[in-house]
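Here's a guided walk through one protein model, a few spots at a time. Keep the viewer open and click along.

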Amino acid sequence: MGKPTGFMEYKREVSTCIPECERIKNYDEFHIPLDKKEQQIQGARCMECGVPFCQSGMMIGGAISGCPLNNLIPEWNDMVYRGKWDEAAKRLLLTNNFPEFTSRVCPALCEAACTCNLNSSPVSVRENEYAIIENAFSSGLIAPAPPSVRTGKKCAVIGSGPAGLAAAAQLNKRGHSVTVYERSDRPGGLLMYGIPNMKLDKKIVERRIRLMKAEGIEFVTCADIGSPQYPAAKIINDYDAVILACGASQPRDIKAPGRDASGIYFAVDFLKSTTKSLLDSNFEDQQYINAKDKNVIVIGGGDTGNDCVGTVIRHGCSSVTQLEMMPKLPDSRAGNNPWPQWPRVCKTDYGQSEAAFVFGHDPRVYQTTVKEFIKNEDGSLKAVRTVCVEFIKNPETGRSQMQEIEGSEKILDADLVLIAAGFLGPQSYVTESFGVDITERSNVATQKGSFLSSAAKVFAAGDMHIGQSLVVRAISEGRGAAKEADKFLMGYTNLR
């Protein structure tokens, strides 16, 4: 695949980034892709390895290695190299409904598992994917393709994030009549309101939604299924199959004295308010949680925490500190983390690099948590009391337990705190209204390898099914649920 000696002849080249000093002035995407000829050379670097771990999507060492969608990566890398862009897009779309999303927000599990990673740098798989799909859109290859025959079966998809959209696309392709219900005012779920615009321009999401509508999928927004206005019983009665894809939308809280202070928000609410105000009025409505001239504390070191850092920088915050409870990961692979495992190494993302540019240092503080939120007399937040922690392994259970380090407390000024500590599962009123069993982690329970819940004709997919995960895995979940629902409806399935 590709050029057999390409990985020896060509160095890895990737898109350039607009400098921090310029990109923090707006909310636009900031990567400048390679031109087509240069991208074709990158396709040539895909070596003819015997086992393409890049597309394996298997669990190794407790983490996913390779693409969960099992994308046919060597095949379309070869087509990129040969300039067969349309053929590359067709192979890409066989396994991935939304390459325009994954090529922007996926952490590239495929590249971490690339065989070239053993002794050199991996093939630029994600940017090859980006080039393929954007070329397909610009060339007119991507056009509405409604099914020629309808089955007469009606399907409801609850939630329009990546899992819900993938399920809807697959079921509609099969010929079922699909209605997607979304409780927000715009479809897209976390793609629309959970990921900042500079990481995924909402025009890209809207472009896909328009295409899906043109193919016959109906979207109903401002529809909170499970609420009194939209009872689950009516959905179950009106449709032949229902797929729950509401995400893991229950944020994990920080239980500490002073939590009731004003000025403390969940990250998802903060990010949504910024994106909604940007889209509604370019911030003229002032209907967003504003970090301008404020000392900001972000609690959580993951992708969402980084997105908060990048967003408050654009707001014009006075300072930003990102608290991470876990120790700093090593800068290079440890001996017990060999290829093709996912590399557990320290990553500096765009928000952290922007904070370092503005304030002169990395905003992250490791092995630290909030012990108290300190309020002014009027109840507003003014500071946080932090404490350093360490993890001590219990010799009896083998599990690590968090322990405070005596004398490590500090007071940090804080006008705004954003909690980005992850999610606990779907909101209970949804699962209760549909009468589905849940797991210990409050996800929808299913048999292993299945998407069917304990309730008749109700399936579950995405974070609501497996817990908080990646966009690429959510798409895989949506496709899997659609395949099983199709077999339930028709007695067989030809969906992938």
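This is a predicted model: local features need pLDDT of at least 70, side-chain atom pairs count only at pLDDT 80 or more; totals for chains, interfaces and linings use all residues.

Let's start with helix 4, which spans residues 73–81. How many of its residues are buried? The count is 7 of 9, so the helix is mostly covered, with buried meaning under 20% relative accessible area. The buried ones are I73, P74, W76, N77, D78, M79 and V80. If you want to see what sits over them, display helix 3 (36–44), helix 5 (85–95), helix 7 (109–112) and helix 8 (125–139), which are among the elements covering the buried residues of helix 4. Then step just past the end of helix 4 to G83, where the backbone takes a positive phi of about 75°.

Staying with helices, E100 is a residue of helix 6, which covers residues 99–105. Is E100 buried or exposed? Its relative accessibility is 0%, so E100 counts as buried. Beyond its neighbours within four places in sequence, E100 is in contact with I133, E134, F137, L200, I204, R207 and R208.

For another glutamate, go to E218 in strand 7, which runs over residues 218–220. E218 has a relative accessible area of 44%; that lies between the 20% and 50% cut-offs, so this residue is partly exposed. Setting aside neighbours within four places in sequence, E218 touches V178, T179 and V180. With T179 there is also a polar contact, side chain to side chain, at 3.5 Å. For a sense of scale, pick T16 as well: 202 residues separate T16 and E218 along the chain, and their C-alpha atoms are 38 Å apart.

Last stop: a helix pair. Helix 14 (residues 303–315) packs against helix 15 (residues 350–359) with an angle of about 40° and 7 Å between the axes. On the helix 14 side, the contact is made by N306, D307, V309, G310, I313 and R314, while helix 15 brings Y350, G351, Q352, E354, A355, V358 and F359. Sorted by type, the residues in this contact come out as 6 nonpolar, 4 polar and 3 charged.

Note on methods. Residues are numbered from 1 along each chain as its sequence is written. Side-chain values use heavy atoms; hydrogens and water are left out. Buried means under 20% relative accessible area, exposed over 50%, partly exposed in between (1.4 Å probe, protein chains only). Helices (H or I, at least four residues) and strands (E, at least two) are DSSP runs, numbered from the N terminus. Contact means heavy atoms within 4.5 Å. Axes are lines fitted to C-alpha atoms, for helices over the stretch in contact, and angles run from 0 to 180 degrees between N-to-C directions. Ala, Val, Leu, Ile, Met, Phe, Trp, Tyr, Cys and Pro count as nonpolar, Asp, Glu, Lys and Arg as charged, and the others, Gly among them, as polar. A polar contact is a pair of N or O atoms within 3.5 Å; within protein, one must be able to donate a hydrogen and the other to accept it, and residues adjacent in sequence count only if both atoms are side-chain atoms.
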